[in-house]
Amino acid sequence: MYHSIVLVKQVPDTANITGNVMQEDGTVNRSKLPAVFNHEDKVALEIALQIKDTYGGTVTAITMGPPRASDILRECLYMGADRVYLISDRKFAGADTLATSYVLSEAIKKIGTFDFIFAGRQAIDGDTAQVGPQTAEKLQIPQITYVEEIRSVENGTVTAKRKIDGGFEIIRCALPVLLTVVKDTAEPRSFKAKRVMTYKGARSLMEIEKLVEGNSLLSVDALVHEYESRSLFIKTLTMDDLHLDLVRCGVHGSPTKVYKVESVVLNSGEHEHVEPTKAGIGKLIDKLMEDHILG
Amino acid sequence: MQNFFLDNSDVLFHFKKLDLRDIVAIAENDYAEAKEFPDAPVNYDDAMENYKKVLEVVGDLAANRVAPRAAAVDHEGVMLQNGTVSYASGTQKSLHELAQADLMGMILPRKYGGMNFPFTIYIMAVEIIARADASLMNLFGLQDIGDTIRKFGNEQQRQEFLPKFSTGEYTGAMALTEPDAGSDLQSVKLQAYQNQDGAWFLRGVKRFITNGNGEVLLVLARSEAGTKDGRGLSLFVCNGSDGVKVRRIENKLGIHGSPTCELQFNDTPAQLIGSRKFGLIKYVLDLMYRARMGVSAQALGISQAAYEEALRYARDRVQFGKAIYALPAVSNMLIEMRVALEVNRSLLYYTAQAVDRKEKIEELVEKLREEGKPFSEQTVELKQATKIANLLTPITKYVLAESANRMAYDALQIHGGTGYMKEFRVERLARDARITNIYEGTSQMQIVAAAGTVMNDILHDYFDAKEAQTYRSGFSRLVECLKEIRLLFYDALKYVVEKKDTTFQDIAAKDLVELYSYLIIGYLILDDAEIDQRKVFIANRYILGALAKARSNVESIKSGVFSDILHADKILCGQ
């Protein structure tokens, strides 16, 4: 039996970028993009669920993000996660990877013991691939990044195949461990119809607060209690719930400053026509080898 | 992300239009199920929300997993090796995913692991799956088999089989057809006999059995030795792995992903379903009605896919300096297809709701009877609901299956020579469509099934009410057209009845049923046009076209063109 925690993130759907999404300064207008579940994080959740299917245990998904990130937590429930946590507070806003991993690691300490932490290799908005590794460091546990296959889990160890430039490595590591996975590691399962019906009404603290707004007959505490009793409360951790150092959170805790964003379009300077014949292709191969692109 | 539910505005239109309030209230036992099951709805709106969300799951699976595999499934087909049938690898994956998503027991009760969905919603899911891969529908659409065991089996049988249908561990098959008993099921020969302890065994051969390799087989067999007709047949359930041999699988024109088996029953142990002698006359007829709806939804799914292929190709293909989409001959064909697609959908979901209503009232009557409460009011309601469902089902199957063939044919035509090539999806669709007007009762059998009720004009009062209804002023021409079609129908009917010639009646039945179908569909599409401005185009083309066809139907009947049937031998064999 293994307990897994999965780090998930809601990201702008960069696969569906349309004309008015890119702003003149080269940045993305997030409000124009639909928000989606970062695909590699979904793969991470799938791996955790497979471990649960095989060995038993639990799967807990956590995300740090704005209130609307509850959407992907519901999706985690639809896929089979046992518990989900939303870590959200205005004070966490503007966090870079350092501040994010700090808050995540503190939240994980609060959530409890685990055997595995899974995360996607990177999120498609930032592309840093740093949050997973930094979280492992802060929790002082080993990490295996770029995992493309879990070979086995036995005797308190995991054996995984990780992608490296030009090949792969097989690594065995003692639990608990953090693993980041790449997109080909597994195909995320579909939502389960019964879980969709069961959890479609799951709500986080902020969503419940919104329900209460402007309705003096409702109280947040009573509603939270009611949602909890129906197992429909998305556990929500705010600044007050975690023992955090304010200067390490959000903008204050983020040394990364974006100096400038440039929209770079690479134009090919010249082109060469290759005849679609055996001789033509032969020449192309020779040229590529000459330039050390091939071979 | 593509989604075959959310991207289809017409399916969404019909979903929004559904009126399942009574049906769901009965099925959910006035929402008492919610106390026991966390996935059960707490009220009607919640139920509709559930159906919508689950259809989104179906639409996602269909678009992103099933559809991309369909070409490979068609190419790979099924295999029989050492008596074991294996599905194409894409089919295996899709079945696994459908089961993992809880979608294999949609209409089964929750206590057997199902989701207790209305039949109508299930039919919508069948259409969505068929659009992605028609052959997968043959396996996904076998959920009726579990439902038949639920309806007519005993509690022990329900507990034995249903939970495993729900999890997808079991798939089923309906073993009805035999080499000498196709449309004529009364002549089924497969023998059912009992040993001294009263246990049943099956011996004989079944042919053309879809998914005959399934784990659970429903078998129609002759339990009354010496009888010759349908009254000597009973329905049995048996385990496919226990004394049933798959002798061969057919090499078919289409639906390659679905295995069609010849089965040999070698003293196979079986259990009787329900009562002896009711096999064909009650249980199979009941099952057939629902199976025909499944095939209708399959036909519609194929039609949708064919239309999309045709539209896409017509827009991309440039000839004479412009996309062929802009050529009137082509755009007219596309409009014909689109109109057929939309009116067929109106008919399908109207009929599905009629079937749902009939089934749920049946359940209610049963429940009231058990509770010792009065149910005479519901019995009257049930009688009427049954009549309507029994009329609409064969008409739907006839119209949708013929139409799917027409649409696949036209879609291929629009592709020109390209469409004749295996590389293009439309080639597969044309082959897959071809079975829909053959199996679960040929089109000719659907005419037979509908003819009696059509000739009795059982929708007389309904049409009266429709004629009295006030429509938007702009619709007066269409309303008049429908009134004229009705008069044409009565004219033709009178002619046929007065002729008192059964041979003539058999031939004229097709025209009569078609005339009646124009009226049914015509009023449905007019109602749709009342809600949605865009549908006015659809109603206009359908109803005007129907009037032209109606005149031709009547002309065929009255012109004496069929009188040469008496000379068939001379014409056909020169004798």
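Helices H13(B) and H16(B) are roughly perpendicular to each other, a label for angles of 65 to 115 degrees, with under 35 counting as roughly parallel, over 145 as roughly antiparallel and the rest as oblique. H13 covers residues 443–455 of chain B and H16 covers residues 502–531 of chain B; their axes cross at roughly 65° and come within 9 Å. Axes here are lines fitted to C-alpha atoms, for helices over the stretch in contact, and angles run from 0 to 180 degrees between N-to-C directions.

Before going on, remember that this is a predicted model: local features need pLDDT of at least 70, side-chain atom pairs count only at pLDDT 80 or more, and totals for chains, interfaces and linings use all residues. Residues are numbered from 1 along each chain as its sequence is written, while chains are lettered from A and ligands numbered from 1 in the order in which they are written.

Back to our pair: the crossing of H13(B) and H16(B) is left-handed, so the near helix is turned anticlockwise from the far one by less than a right angle (clockwise would be right-handed). On the H13(B) side you'll find B:Ile447, B:Ala450, B:Ala451, B:Val454 and B:Met455, meeting B:Ala509, B:Lys510, B:Leu512, B:Val513 and B:Tyr516 of H16(B). Contact means C-beta atoms, placed from the backbone, within 7 Å. Nine of these residues are nonpolar, none polar and one charged. Ala, Val, Leu, Ile, Met, Phe, Trp, Tyr, Cys and Pro count as nonpolar, Asp, Glu, Lys and Arg as charged, and the others, Gly among them, as polar.

Now hop over to chain A, which has eight helices and 12 strands. These are DSSP runs numbered from the N terminus (helices H or I, at least four residues; strands E, at least two). Helices H3 (residues 97–111) and H4 (residues 131–139) of chain A pack at about 50°, their axes 8 Å apart. That angle makes H3(A) oblique to H4(A). H3(A) passes H4(A) in a right-handed crossing, and the contact has six nonpolar, six polar and one charged residues.

How do the chains meet? On chain A, 10 residues are in contact with 15 residues of chain B. The chain A side is made up of four nonpolar, two polar and four charged residues.

Finally, look at the largest nonpolar core, with 246 residues. Such a core is a set of buried Ala, Val, Leu, Ile, Met, Phe, Trp, Tyr and Cys residues joined through C-beta atoms within 7 Å; buried means 20 or more other C-beta atoms within 10 Å of the residue's own, exposed 12 or fewer, and partly exposed in between, with C-beta atoms placed from the backbone. Helix H9 (residues 279–316) of chain B gives the most to this core, with 19 residues.

Technical notes
Contact = placed C-beta atoms within 7 Å.
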